[in-house]
Structures are given as structure tokens and as C-alpha cells.
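Student: I would like a close look at a single helix in this model. Please take me through one, step by step.

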Amino acid sequence: MLLENKVAVVYGAGGKVGSAVARTFAAEGARLFLAGRRRASVQATADRIVAAGGRAEVAELDALDAAAVEGHLSELINTAGRVDISFNAISFRGDLQGTPLLEMVAGDFVLPVTIAMNSHFLTVQAAGRRMAQAGSGAIVTLSASATALSARDRKWHKTGGFGVACAAIEELSRSFAGE
């Protein structure tokens with residue numbers, strides 16, 4: 001198993017992507033710490049993992065709350081001794097997509113960027129500090145191909161702030177990796 005004896009935290013574990021990643025990590029042997037804003041959906045993911053023979057603990061957590069992210073990771077380290085993998089799959093308002101930019105309200109354009117940057121900055125920074133101190137670890141961030149396509153090549157228009165948020169996540173990832 002690829003992740004045997006690894007400790008992973010998955011933010012947004014109650015959503016479709018976070019749940020799928022958590023189940024895959026568990027199938028590969030990772031001990032999981034699952035976090036999300038709605039405990040019930042995160043618990044449902046944990047229940048599926050445990051039923052399949054995996055290990056998962058659940059926390060209700062707002063990844064936009066710096067103190068909550070730091071506190072959760074401190075508790076995780078106290079419990080498991082380390083964090084090997086950090087994965088952020090929180091939603092950053094895909095429901096705002098579909099409106100042409102020429103018609104979009106500025107707040108709706110900026111909101112996904114703000115959510116993505118704040119949550120990724122906080123989760124990457126918290127894990128990165130601990131991983132740097134330990135001398136190892138992997139931080140996984142998600143983006144979409146929409147960030148690299150020119151307007152004439154895009155199959156999907158009307159992404160609002162989603163494409164910009166994904167581009168920002170990519171740059172944030174490069175900046176943290178460089179440090």
C-alpha cells in the first residue's frame with residue numbers, strides 16, 4: 001500500500017472530491033483526519049472508510065478560520081505524532097459560475113478567489129510549518145485546466161472567479177514550494 005503508516009488530513013472531506021480522495025487515501029493505508037464545515041457529511045465519509053477497514057477521525061472545521069485550522073492540526077499532531085499529507089478540497093463557490101463576466105457583480109467574481117486563497121493559505125501554512133520542522137511531508141492542492149487556456153481555446157466559459165481562483169492556487173503552491 002502506497003500510503004501505509006502515513007497520516008493525512010483532508011479538508012472538505014464531506015464533498016464529492018474530498019470524500020473520493022479520503023477513501024482512496026484510506027484504501028492505500030493512510031490514517032485519516034477528516035475535516036469539514038458540516039460534520040454529518042464528513043462523518044458519512046468516515047463511516048464508509050471505517051466500514052471498509054480504514055481509519056478515520058472527524059472534525060467539524062471552518063478552513064477559513066486560522067485559529068481553528070491551527071488548533072485542529074495541533075490536536076492531530078498530539079494524537080498521531082505527525083502529519084505526512086495535507087489535502088484541501090473545500091468548495092470555493094462553484095455555484096457562482098454561469099454568469100458572463102460582463103454581467104457579473106464584482107463581489108461574485110472575487111468571492112471564489114477570496115475563499116480559495118484564504119483556505120489554501122491557512123491549511124498549507126499550518127501543515128507546511130509542521131512538515132518543514134519534521135523535514136518531510138506532502139501538500140496537495142487542486143486546480144483546473146481552465147487556468148491555462150486562452151479565451152478562444154476554452155470549452156467552458158462563464159467560470160466567473162473560479163478560473164482566477166485556480167490560477168491563484170497554482171501560484172500559491174509554487175510560492176510555498178519555493179520556500
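Tutor: A residue counts as buried when its relative accessible area is under 20%, and as exposed when that area is over 50%. The model is predicted, and the helix to look at is α2, residues 39–51. Start with its length. Now sort its residues by burial. Val42, Thr45, Ala46 and Ile49 are the buried residues of α2. They cover an arc of only 95° around the axis, so they sit on the same side of the helix. The general rule behind such a pattern is that an α-helix has 3.6 residues a turn, so residues three or four places apart point the same way. The face of α2 turned away from the buried side carries Ala40, Arg48 and Ala51, which are exposed.

Next, consider what lies over the buried side. The cover of those buried residues includes α1 (16–27), β2 (31–36) and β3 (55–60). After the helix comes Gly53, with a positive phi near 95°.

The largest core has 24 residues, and Val9, Tyr11, Leu73, Leu76 and Phe92 touch the most other members. Its largest share, seven residues, comes from α4. Apart from that core lies another, of 19 residues, and Ala46 is one of its members, along with others including Phe25, Ala30 and Leu32.

Notes
Residues are numbered from 1 along each chain as its sequence is written. This is a predicted model: local features need pLDDT of at least 70, side-chain atom pairs count only at pLDDT 80 or more; totals for chains, interfaces and linings use all residues. Side-chain values use heavy atoms; hydrogens and water are left out. Helices (H or I, at least four residues) and strands (E, at least two) are DSSP runs, numbered from the N terminus. The expected span of a helix is 1.5 Å times one less than its number of residues. Buried means under 20% relative accessible area, exposed over 50%, partly exposed in between (1.4 Å probe, protein chains only). The arc is that of the directions from the helix axis to the C-beta atoms. Contact means heavy atoms within 4.5 Å. A nonpolar core is a set of buried Ala, Val, Leu, Ile, Met, Phe, Trp, Tyr and Cys residues joined through side-chain atoms within 4.5 Å.
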